[in-house]
Amino acid sequence: QVQLVESGGGLVRAGGSLRLSCAASGNIFRIRAMGWYRQSPGKQRELVAIITNGGTTDYADSVKGRFTVSRDNAKNTVYLEMNVLKPEDTALYYCYAEGLVLVGGHNFGSWGQGTQVTVSS
């Protein structure tokens with residue numbers, strides 16, 4: 001089992017900033033990629049940002065230039081720095097990690113419980 005625990009969501013005014021954190025723990029041998037997805041009511045879950053263990057990143061076009069994803073490999077933790085937030089960034093943000101388990105040797109893909117980000121206009 002691999003567990004992901006998110007923190008850092010909240011309510012912020014448009015133009016403000018928030019920082020999300022997500023720590024992975026459990027039966028982990030190697031994490032290949034960690035990142036963030038978000039889902040708003042009535043919409044599909046979408047990729048926000050993702051980072052590989054080598055540091056390669058990918059962002060949704062809507063957040064490029066405003067959000068920064070980073071990672072502490074030693075702590076199995078991923079961060080999302082969100083700046084110049086807009087009301088349309090309001091969503092439930094989910095942490096995601098994929099990699100290889102220690103016991104069993106198979107691949108895993110795990111999700112966090114989600115943390116709410118609300119941006120008021």
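**Reading the disulfide and the rings**

Student: Is Cys95 buried or exposed?

Tutor: Cys95 is buried, because its relative accessible area is 0%. Buried means under 20%. Keep in mind that this is a predicted model.

Student: What does Cys95 form with Cys22?

Tutor: The general idea comes first. A disulfide is a covalent bond between the sulfur atoms of two cysteines. Now the case here. Cys22 and Cys95 form a disulfide, with 2.0 Å between their sulfur atoms. The structure holds one disulfide.

Student: Why is the disulfide of Cys22 and Cys95 left-handed?

Tutor: Look at the torsion about the S-S bond. For Cys22 and Cys95 that torsion is about -85°, so the disulfide is left-handed.

Student: Which parts does the pair tie together?

Tutor: Cys22 belongs to strand β3 (residues 18–26), and Cys95 to strand β9 (residues 91–100), so the tied parts are 73 residues apart in sequence. Cys22 also counts as buried, because its relative accessibility is 0%.

Student: Now the rings. How is an aromatic pair described?

Tutor: A pair of aromatic rings is described by the distance of the centres and the angle of the planes. This structure holds four aromatic pairs. One of them is Tyr37 with Tyr96, which is edge-to-face: 5.9 Å centre to centre and 80° between the planes.

Student: Why is the pair of Tyr96 and Trp111 tilted?

Tutor: Use the angle. The planes of Tyr96 and Trp111 are at 50°, so the pair is tilted; the ring centres are 4.8 Å apart. Tyr96 lies in strand β9 and Trp111 in strand β10 (residues 107–111), so this pair ties together parts 15 residues apart in sequence.

Student: Which residues do ring pairs link into a cluster?

Tutor: Tyr37, Tyr94, Tyr96 and Trp111.

Student: Which residue lies over the face of Tyr94?

Tutor: Arg45 does, at 3.7 Å from the ring centre. Elsewhere, Arg19 lies over the face of Tyr79, at 4.2 Å from the ring centre.

Student: Last, the surface. Which residues form a nonpolar patch?

Tutor: Phe29, Leu102 and Val103 form the patch, with about 330 Å² of accessible area together. Phe29 sits in the loop between β3 and β4 (30–39). Its relative accessibility is 48%, so Phe29 counts as partly exposed.

Key. Residues numbered from 1 in each chain as written. Predicted model: local features only at pLDDT ≥ 70, side-chain atom pairs only at ≥ 80, totals over all residues. Heavy atoms only, no water. Disulfide = S-S within 2.5 Å. Helix = DSSP H or I, 4+ residues; strand = E, 2+ residues; numbered from the N terminus. Buried < 20%, exposed > 50% of the residue type's maximum accessible area, 1.4 Å probe, protein only. Patch = residues over 30% accessible without salt bridge, like charges linked within 9 Å, V, L, I, M, F, W, Y side chains within 5 Å. Areas by Shrake-Rupley, 256 points an atom, 1.4 Å probe, with all protein chains shown as cover. Salt bridge = Lys/Arg side-chain N within 4 Å of Asp/Glu carboxyl O. Phe/Tyr/Trp six-rings, centres within 6.5 Å; stacked < 30°, edge-to-face > 60°. Lys NZ or Arg CZ within 6 Å of the ring centre and 35° of its normal.
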